[in-house]
Amino acid sequence: MGAAAAVLASLSLAACATTGEKPATGKSAATSSSSSPLPRGLDPAKDPFPSTYRPLPGRNLAIVGATVLTGTGEELRNGVVLVRDGRIQAVGTGLAPPEGYEVVDGRGKWVTPGLIDLHSHLGVYPSPSVPAHSDGNEATDPNTAQVWAEHSVWPQDPDFNTARAGGVTTIHVLPGSANLFGGRGVTLRNVPGRTAQDMKHPGAPYSLKMACGENPKRVYGSRSRSPATRMGNVAGYRAAWINAADYMRKWDDYRAKAGRGEKADPPKRDLQLDTLVGVLKGEILVQNHCYRADEMAQMIDISKEFGYRITSFHHTVEAYKIADILARNDICAASWTNWWGAKPEFFDAIEANIPMVEAAGACAIIKSDDPDTIQRLNQEAAEALAAGRDAGLAITEAQAIRWITSNPAKALGLAAETGSLEPGKRADVTLWDASPFSIYARAQRVWIDGGLAYDRNDPRYQPKSDFELGLESRR
């Protein structure tokens, strides 16, 4: 097969296969070798939905002469980025492209890590937005920790393609925020796939979507059931964590007895509690929808009561009020720049929110929660940077690019894999025709694991979903 044909085949929806990589969740052994294994489906330590992601084919690559924002806080003028076997080989100045490498002229252009959206609903609320596609909120009970977003992801959502044209290489898809516990989130590589598993990031931890504030109390209070107040919200969290801790104790007791060769009956498996126990064991990361500063402080207290940690607060428009507390607890704040006022808990938003979190030494993130904003994460970050500078905060572009690259990678448990241009990390790279903080900047090329996933000037690297192709055939 010729090179062009091979690339086209890889970009089609029929070109995915398995890798040998294993997910990070479900690490613990089911039982000791001396005990009989449980019947299939009864052991919560097994992951039944492993990634089948396969990287796009790529070539060894040298991008030369560009301004490089590494995602580590460093800016390199006339920089060189070397990619070998799908990984970053070297980044610096004065590096000579090795023989046989494809050389990309980056003069006058900018290079960043591929952008990462920490909060997306692509695939679970896909386009077109119709009731038949509305699969992001299992709004049937305050606790739906048993549902998994990946089981709603529609890989043909055309917005995956438009996000890629905006430089986005990694997407964290979450359930909605109607419930106290909304379910598991999934991290996707932004490549075409036939199934969600074809896009699923190998080794990425699962997340648990939680929500505080107006959403759950409005949804269930309107049905004359709890929670109908914020104190009802908190009681609901605490009751769920008590059940989860008891469930974990029962499984631990069973495994200990089975390990000693004693007769023991395992607890009946509970999908809802499996997820919560994963959080208590530190295997599943909490992504917590929460706007108000006082509620975020309460959620931190609850996490300490039950011994789990919150990875990120999402929306968090009042993070600037408790930025020191977030920094002290190593919790990221993921927000927009100028969204505000949709409901009372949203009123105290300020454009300098994320820069103030940055200035306090906490983990600051810009995210989308929107199919249009995900195409313009760089512009959202640029607005925040300008607001921070207007407020007197000396923040550089090299620092601010971390809000949409390395900081969300940290919040996804993937800082060792992606989010910055450092040797050994996945070659997720975006080439821009101007500074990404310019309103005129457009992504020119996007590489994912070193494979060219998007090229603005080459239709061969502008893949379309089956849904889009079907529309074109009817025109």
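I'm going to walk you through the aromatic rings in this predicted model. Quick housekeeping: residues count from 1 along each chain as its sequence is written, and side-chain values use heavy atoms, with hydrogens and water left out. As it's a prediction, local features need pLDDT of at least 70 and side-chain atom pairs 80 or more, while totals for chains, interfaces and linings use all residues.

Okay, the rings. Searching the whole structure turns up 13 aromatic pairs; to pair, rings of Phe, Tyr or Trp (its six-membered ring) need centres within 6.5 Å, and planes under 30 degrees apart are stacked, over 60 edge-to-face, the rest tilted.

Take Phe49 and Trp148: they're edge-to-face, 5.4 Å centre to centre with 75° between the planes. These two sit 99 residues apart, Phe49 in the loop between α1 and β1, Trp148 in the loop between β6 and α2. (Helices, H or I of at least four residues, and strands, E of at least two, are DSSP runs numbered from the N terminus.) Trp148 is buried at 13% relative accessible area, but Phe49 is partly exposed at 29%. Buried is under 20%, exposed over 50%, partly exposed in between, with a 1.4 Å probe and protein chains only.

Next, Tyr291 and Trp336 make a tilted pair, 6.5 Å and 40°. Here Tyr291 is buried at 5%, and Trp336 is buried at 3%.

Last one: Phe181, Tyr237, Trp241 and Tyr308 are linked into a cluster by ring pairs.
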